[in-house]
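Reader: Pick one part of this model and give me a close look at it. Spell out the cut-offs as you go, please.

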Amino acid sequence: MNNNLRGRVTIPTDSNITDDIKRAINLWGADAIRDCDGTKLDESILNLGVKVYSTYLTTRSDQIWANNNKDELQELYLMSEPSIAKSELLEIDIMKGYYKEQFKVDTIHDEKKWWQVIDRTTGKTIENNKWILDKKNMKVIIKDATLWHEYTVNFLVYMIWDPTQMYNHITNNWGDKPHELPYDCRQPKTQKHILNLLDNWLENNKDVDVVRFTTFFYHFTLCFNEEAKEKFVDWFGYSSSVSPLALEEFKKEKGYELKSEDIVDEGYYNSPFRIPTKAFKDYIDYQSKWVAALAKEMVDKVHYANKEAMMFLGDNWIGTEPYGKYFESIGIDAVVGSVGNGTTLRMISDIPGVKYTEGRFLPYFFPDVFKEGGKPEEEALENWIQARRAILRKPLDRIGYGGYLGLAMKFPKFLKTVEKICDEFREIHENIKGDKAYTPKFKVAILNCWGKLRKWQTNQVAHALWYKEIYSYVGVIESLSGMALDIEFISFDEIKKNGIPEDIGVIINSGDAYTAWSGGEYWKDSEILEKLRKWVNDGGGFIGIGEPTAYQYEGKYFQLSDVLGVDKEIGFSLSTRKYNKLEQNHFIIEDLKTKIDFGESMKSIYTKGDNSRILAMEKGDVALSINTYGNGRAVYIAGLPYNDENCRLLLRAIYWAFNKENDMKKYYVSNEKTECAVYEKVNKMAIINNSKEEQETEVYINGKVDRKIKLNPTEIKWINIK
């Protein structure tokens, strides 16, 4: 370890391993320790002379209260599995497919008022007098059902096992450890109790320096099936934040009534892929405002006790919305979150209004990784390489790890790898001295339905979780997370209301058709189309990935097919002949040495207009093309998984789209497996090797080759730029 640089690192603890904790502090240069789910900091640990974080669970720290007030547990809206009526009397087992140890049907509140039975064949709600609830068997019985129609029930359940504790319980094989019940802090009685509980905790934990709220009040949506496996997960989901009280208060504040279907949303539960309705956006706003107000009360108490308040961006983070309009009013000192890649790192490091940010790196110290034959050091290095390029753009202030330290201490190679990571992280800070990495004067905007509310959160299901259907899109923001560019996230509503900001040079629209990320019915809005067409015509750059501007309407599928120079054949225009001609040479593909990986790619894309040129094809379909449009330019890409080559491809596409090819090599490295970041105030350039092999690269400064350097596997090298 570089003994001249210590600090900026938080490590987890464990029970009865004080000597190992001391060893880890010394080895990794840690200056802070934290407890974990199921552990408690004892006196020997508290007196090690480092900063002490303690996890604070606002909604499940008092299980006596939870068990004595089960009418004030958190609630969810669920939808039953669809049932087909094969007779006029239809019985629906509403809990079929759900884990009965996680949920209990709410039979306290009037089901006729809060539930809905819906004919999913017609979309109509069934009148209350045509169904009853058999509370003994938990079945909804529909009378006079229409034969061969499909029916579902939207119903309320109490959560009788916290999803995070359940996950930890299953993963760590905790056996007979009691299931923890989460209570609802919106309930007046419970709210008063949790505030008193915090007062008492602060009084009894004077040695704690940082209260790490995990998080505040409402867990992201995570439901398990009958086999205790994940059934539905939405890291952005609000369906676990409902209750009759919340819905009543919503009506008072917003002036109209929400229905269960506004939350259930045909069983999609308003996943971020859905184009958000006015009702759902209003509900997010309403919950965020309420969460911020109560969270501020708790943070104020922490500050009054002369401690720092930290929020974990995970677990019960719903309603905090770090990029929403109420977050800064909470007054939180710091945010910590799990770093799965560069995208999730930027999601944390870009958060405004906090004193510092911290990233919890992978792997988590759990037995699913730290087991015989396991190689956690490989996962740690992969995690660091992908996150490092984003750190060079917008650094976290601190890093750390989570889980149970006793497991990690049995793996010497892992300990050495983390030592190297911690040293390198501190050296980055020591070199840049707070300077912002160089970026060109123009910005790149990601255009979708959510805008900045989902900054660095686009096209994702759960935190850094890989899905076949999205990796071709997540690769876009992962590439951008470490590029020398300023990235904005804008919404269609913002364009419609305010136009396109003057400092935006390139707009990217990336996603599948009819999702919130592509835009769906927004592409029928003539005002939005007019503003975008004029903006590109006047010199803007537009990049479409996957199914950009897609909405079948008025003879076209891509509504900006004239701008993009391509459209998608969906079978309606097969009688119109199409001719595709491939061109081999262009600025965008100049650096490429291997075949482009378009991921899942797109079928049936064809050129349209006189100015479109094809740069790559997949099985006869256009996969990469360019188009000129007045003074502007557009690029179409069929898909862009994250890899070194695609990252370089996107960078070159951005500079070409904005007609700034000559500016790209102001600071540049020729080898696509390497990248650079420049800090002009301190006259330094960082050059990183993103591969596990030795690399050689030419270094450009002000458009000219300054030198050629070699980098060891995964190395970062610092040079003076003057």
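Author: UniProt puts "domain: Lacto-N-biose phosphorylase C-terminal" at residues 667-719, in an unreviewed entry (positions follow the numbering used here, feature names are shortened, and annotations may be inferred rather than shown by experiment). This is a predicted model, so local features need pLDDT of at least 70 and side-chain atom pairs pLDDT 80 or more, while totals for chains, interfaces and linings use all residues. Residues count from 1 along each chain as its sequence is written, and side-chain values use heavy atoms, leaving out hydrogens and water.

In that span, the end C-alpha atoms sit 12 Å apart, with 0% helix and 64% strand (DSSP runs numbered from the N terminus: H or I of at least four residues for helices, E of at least two for strands).

Glu-583 belongs to the loop that runs between strand E26 (566-568) and strand E27 (605-607). With a relative accessible area of 27%, Glu-583 is partly exposed (buried is under 20%, exposed over 50%, partly exposed in between, with a 1.4 Å probe and protein chains only). Leaving aside residues up to four places away in sequence, Glu-583 touches Arg-613, Ile-614 and Leu-615 (contact means heavy atoms within 4.5 Å). Met-617 is 34 residues from Glu-583 along the chain, yet their C-alpha atoms are separated by 10.0 Å.

For contrast, here's a helix. H1 covers residues 18-28, and Thr-18, Ile-21, Ala-24, Ile-25 and Trp-28 are its buried residues. Down the axis of H1, these fall within an arc of 120°, so they line one face of the helix (the arc is taken over directions from the axis to the C-beta atoms). An α-helix has 3.6 residues a turn, so residues three or four places apart point the same way. Asp-19 and Asn-26 are exposed on the other side of H1.

What do the buried residues of H1 pack against? Their partners are strands E1 (9-12), E2 (32-34) and E18 (356-365), plus helices H2 (43-46), H12 (405-408) and H13 (412-432). After H1 comes Gly-29, with a positive phi near 65°.
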